[in-house]
Amino acid sequence: MPTFPPHGLIAEFSDKVVAHDLPELPPERRAEVVAFIGRRVAGLPSPMRIGVGVVSVVVGGAGRLVGTSRLVRGVTGRPLPGVGDYVRLVRSLSYAYVWDAWPDTAATGRPLGRQS
Amino acid sequence: MTAGALDAEVLVIGSGAGGAPTAAVLAEAGFDVLVLEEGPMVRQGDVVPFSLEQMDRQYRSGGVTAALGFPAIAYTEGCCAGGGTEVNSGLYRRPPENVLARWRRDHGLVDFDFDDLYAICDEIELELSVQTVPGELTAASDALRRGADRLGWANDEIPRWMIYPHGASATDGRRRSMTETYLPRATAAGGRLMTGYRVDRLVLDGRRATRALGRDPDGRAITVDFAHVVVCGGAIQTPALLQRSGLRRHVGTTLAVHPTVKLAARFAEEINVADDVAVHQVSEFAPDLSFGGSASGPGLAALALSDSWSRFGPAIEDWRRLTVYYAAISSEGRGTVRAVRGLRDPLVTYRLTRRDRAMLGRGLARLALLTLEAGATEVYPSYRGAPVVRRRADLATLQGTFALARASVMTVHLCSTVPIGEGPTAPTDSHGLVRGTSNVRVNDASLLPDAPGVNPQGSVMALAVRNARHFVDTIKRAS
């Protein structure tokens, strides 16, 4: 049964944003980050959750047409209303999580030597 | 189906800086007090301050909340026993006398004596052990002081509600938050505190509220019958609850905040303190504009760099030499809080004025100058397309490229959604009694007539104690 906001679309988009921004983040960490984003979106205040849900459907539809990876490359640097806020939300959550959980991580997502 | 039927002489909804002192004053005066708190009880020391775990456990919606607008303003609300006092920096300022004078004059406040309020401040400061930090300042605090001193800008250390063991350093304090002070006082006097209980709305019979409807921690319906109710859910939840209860007149239309913009500054030496904040504040341009330190753990430092990640991102690898500072303004803008039928949470909006936008841009440039003077080697302003500021000459580029629509704007100070006053548009009287009701009171940050231009929690607590005492006097006189 479809859910709203659509967890699958948000997870797919988040995964591609994180992979785009932090290409050297190990896959298991990326999965953890995407799961965290999903939890946070599910806990958003109702009006924000609805807004994110609507934008995620629009972005998901566009991703079906042009490919999600290509779409992410296209939208991450542009200040599009709504979509820009969605990207900023995903990006903020992912960066906050990565450096809170693994402080010694390179800007590309690569684990640095100071961590065990 | 109703799982639980509770009752109390006085129901206090919320246990933060407004609710906890209210509960203590009323319980100690002999009232049968029940405090319902929506969030959990989390003891200090159970979570690392300013961590994501703390946001998960003690903030509403994990700390991801925003007032919609252009741009949206991110804000946070504590949602736990003790409310915001459990999660904030514990920085304390008395309400300035000129602010009190403005409130009294512009809002026609009665029985609003400054000496009385400052006497209450004395009591609060004693109860909360308000004091400056022992020993040396943290490096991030000292950098603010150093930069301001070099520019000749007024600055000082903000006292905090903290206790420090003998011989402790600046970061060894323990918060004297509500779960350590007023809530234990309330329960010691016979008050009851129940956590995980949400109140959805009040039931009114004419001018009198008689019952609260809500949910227990397992989501089962509860009712609470009471003689009096004091709503202390904070500047967002309090107006939303009143509106859901049919009390909408002038409620939630005057949200005031201190909008802030941030930057990350990189120093030659290690400066980052992940679980604490700088206690110095620069007041040279107050009340219009002030500068201070933000929580700067690596996750939050990454967040401060995220708007221009492709250029700023590499700095995160040196996060121990990074710290985050803010520029906050007194805003002329206003926002709204609206309960929407069918939705659990209210819709929050905020509109910055043209003057606010200019002030934030100017503030960010001055803050960058301050950090350069403090010895920062690189400064990373939090907006898309920002330059790396390495010298004074770069400040012109900063000012030329700054646009608020591209900036991350946030606030932690929310107030004034149900302000006190005697004018025709004031939703409560001078002591927080909601107009059109005989027994519904508000006693939290919602009551402040406007944003005070300083950390507001001292003002909130002083008003809360004043109003709670007035309530005691009123009820005892009538009986």
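Begin by selecting His250(B), which is found in the loop between α7 (234-244) and β13 (256-257) of chain B. Helices (H or I, at least four residues) and strands (E, at least two) are DSSP runs, numbered from the N terminus. His250(B) has a positive phi of about 60° although it is not a glycine. With 19 C-beta neighbours inside 10 Å, His250(B) counts as partly exposed; a residue is buried if 20 or more other C-beta atoms lie within 10 Å of its own, exposed if 12 or fewer, and partly exposed in between, with C-beta atoms placed from the backbone.

The model on display is predicted, so local features need pLDDT of at least 70 and side-chain atom pairs count only at pLDDT 80 or more, whereas totals for chains, interfaces and linings use all residues. Residues are numbered from 1 along each chain as its sequence is written, and chains are lettered from A and ligands numbered from 1 in the order in which they are written.

**Colour by confidence**

Colour both chains by pLDDT, the predictor's confidence in each residue, from 0 to 100. Chain B has a mean pLDDT of 95, with 99% of its residues at 70 or more. For chain A the average is 88, and 91% of the residues score at least 70. Among the elements of chain A, the lowest mean pLDDT, 76, belongs to helix α4 (residues 68-75), and the highest, 96, to helix α2 (residues 27-42). For the complex, the predictor gives an ipTM of 0.91 and a pTM of 0.95.

**Other backbone features of chain B**

Select next Ser129(B), in the loop between α4 (114-127) and β5 (130-131) of chain B. Ser129(B), which is not a glycine, has a positive phi of about 55°. This residue is partly exposed, with 18 other C-beta atoms within 10 Å.

Move to Phe70(B) and Pro71(B), which are joined by a cis peptide bond with omega about 5°. Pro71(B) has its place in the loop between β3 and β4 (73-75) of chain B. A cis peptide bond also joins Ala286(B) and Pro287(B), with omega about 0°. Pro287(B) sits in the loop between β15 (280-282) and β16 (289-293) of chain B.

Then select Arg391(B), in the loop between β20 (378-381) and α11 (394-401) of chain B. Arg391(B) counts as exposed, with 8 C-beta neighbours inside 10 Å. Show Glu373(B) as well: Arg391(B) and Glu373(B) are 18 residues apart in sequence and 9.4 Å apart in space, C-alpha to C-alpha.

**Where the chains meet**

Display the contacts between the chains, two residues being in contact if their C-beta atoms, placed from the backbone, lie within 7 Å. In these terms, 29 residues of chain B are in contact with 22 residues of chain A. The elements that give two or more residues to the side of chain B that touches chain A are β3 (65-67) and α8 (298-305) of chain B. The largest share of that side, six residues, comes from α8(B).

Select Gly313(B), in the loop between α9 (309-312) and β17 (322-329) of chain B. Gly313(B) is buried, with 20 other C-beta atoms within 10 Å. Not counting residues up to four places away in sequence, Gly313(B) touches Ala107(A) and Leu305(B). The C-alpha atoms of Gly313(B) and Leu303(B), ten residues apart along the chain, are separated by 9.8 Å.

**Helix α2 of chain A**

Select α2(A) and view it down its axis. Its buried residues are Val33(A), Val34(A), Phe36(A), Ile37(A), Arg40(A) and Val41(A).

**The nonpolar core**

Finish with the largest nonpolar core, which has 186 residues. Such a core is a set of buried Ala, Val, Leu, Ile, Met, Phe, Trp, Tyr and Cys residues joined through C-beta atoms within 7 Å. The residues with the most contacts inside this core include Leu11(B), Ala186(B) and Val229(B). The element that gives the most to the core is α5(A), with ten residues. Select Val229(B): leaving aside its neighbours within four places in sequence, Val229(B) is in contact with Leu11(B), Ile13(B), Leu202(B), Ala209(B), Ala212(B), Asn439(B) and Val440(B).
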